[in-house]
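Open the model in your viewer and keep the selection tool at hand.

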Amino acid sequence: MNQIDHFGCIMNVSTKKPAECSRHELDEFKTLALQGGEVAAGKLPDRIRKASLLLFLRLTDGSLKGISALKQPMPTYRAKVFHHAQSHLRPDDFGLELGWIFVDESERGKKLSHVLVEQLLPFAGKERIYATTREDNPRMISTLNRFRFRREGGAYPSERGPYNLLLFIR
């Protein structure tokens, strides 16, 4: 765990492999991921356990305020994302997905998504990464652009609700 000073607020950042997490930590991660409203609850615990790395962003009082992860997407899912975005790139060239980026509502507007992305990227090494976000989420689009992700393909309808998704690659 390392401490960071983000705009005058000290926060604790920890990255862990899912197997290193306690049951409580995994439950906390799942709870915040579900608060985003963009993931299905059913298979989420299994997907969290299969991730490459989980990131926890806590206030110094221990309260969890943000999460993100480097995921190892199933080849079929990855292919579906690239297909729906009408990308001509090879999905198999992207072994990691940056995802489950979520900041608690009480902490939004403080650019904490930058911390959630910046702290994970070194763990990807030279692996190519992709991420998806809602087309109507300018803050996340700005965060992805800041860390040299570029939009790939076109917007496509989400299976989770009446909104479009965008694919970003790095």
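Buried here means under 20% relative accessible area, exposed means over 50%, and partly exposed lies in between (1.4 Å probe, protein chains only). This is a predicted model: local features need pLDDT of at least 70, side-chain atom pairs count only at pLDDT 80 or more, and totals for chains, interfaces and linings use all residues. Residues are numbered from 1 along each chain as its sequence is written, and side-chain values use heavy atoms, with hydrogens and water left out.

**Stop 1: arginine 78**

Select arginine 78. It sits in helix 3. Helices (H or I, at least four residues) and strands (E, at least two) are DSSP runs, numbered from the N terminus. Is arginine 78 buried or exposed? With a relative accessible area of 9%, arginine 78 is buried.

Now show what surrounds it. Contact means heavy atoms within 4.5 Å. Neighbours within four places in sequence aside, arginine 78 is in contact with Pro73, Pro91, Asp92, Phe94, Gly95 and Tyr130.

**Stop 2: helix 3**

Select residues 75–84, which form helix 3. Colour Arg78, Val81 and Phe82: these are buried. Look down the helix axis: the buried residues fall within an arc of 95 degrees, so they line one face of helix 3. The arc is that of the directions from the helix axis to the C-beta atoms. An α-helix has 3.6 residues a turn, so residues three or four places apart point the same way.

Turn to the other side of helix 3. Thr76 and His83 are exposed there.

What do the buried residues of helix 3 pack against? Show strand 6 (129–134), strand 7 (150–157) and strand 8 (164–169): these are the partners. Next, step just past the end of helix 3. Glutamine 86 has a positive phi of about 60 degrees.

**Stop 3: the whole chain**

Zoom out and switch to cartoon. The chain has six helices and eight strands. From the N terminus, the elements run β-β-α-α-β-β-α-β-α-α-β-α-β-β.

Along the principal axes, the C-alpha atoms fill a box of roughly 45 × 35 × 30 Å. Colour by burial: of the 170 residues, 45% are buried. Finally, draw the contacts between residues at least 6 apart in sequence. Of these, 66% join residues at least 24 apart.
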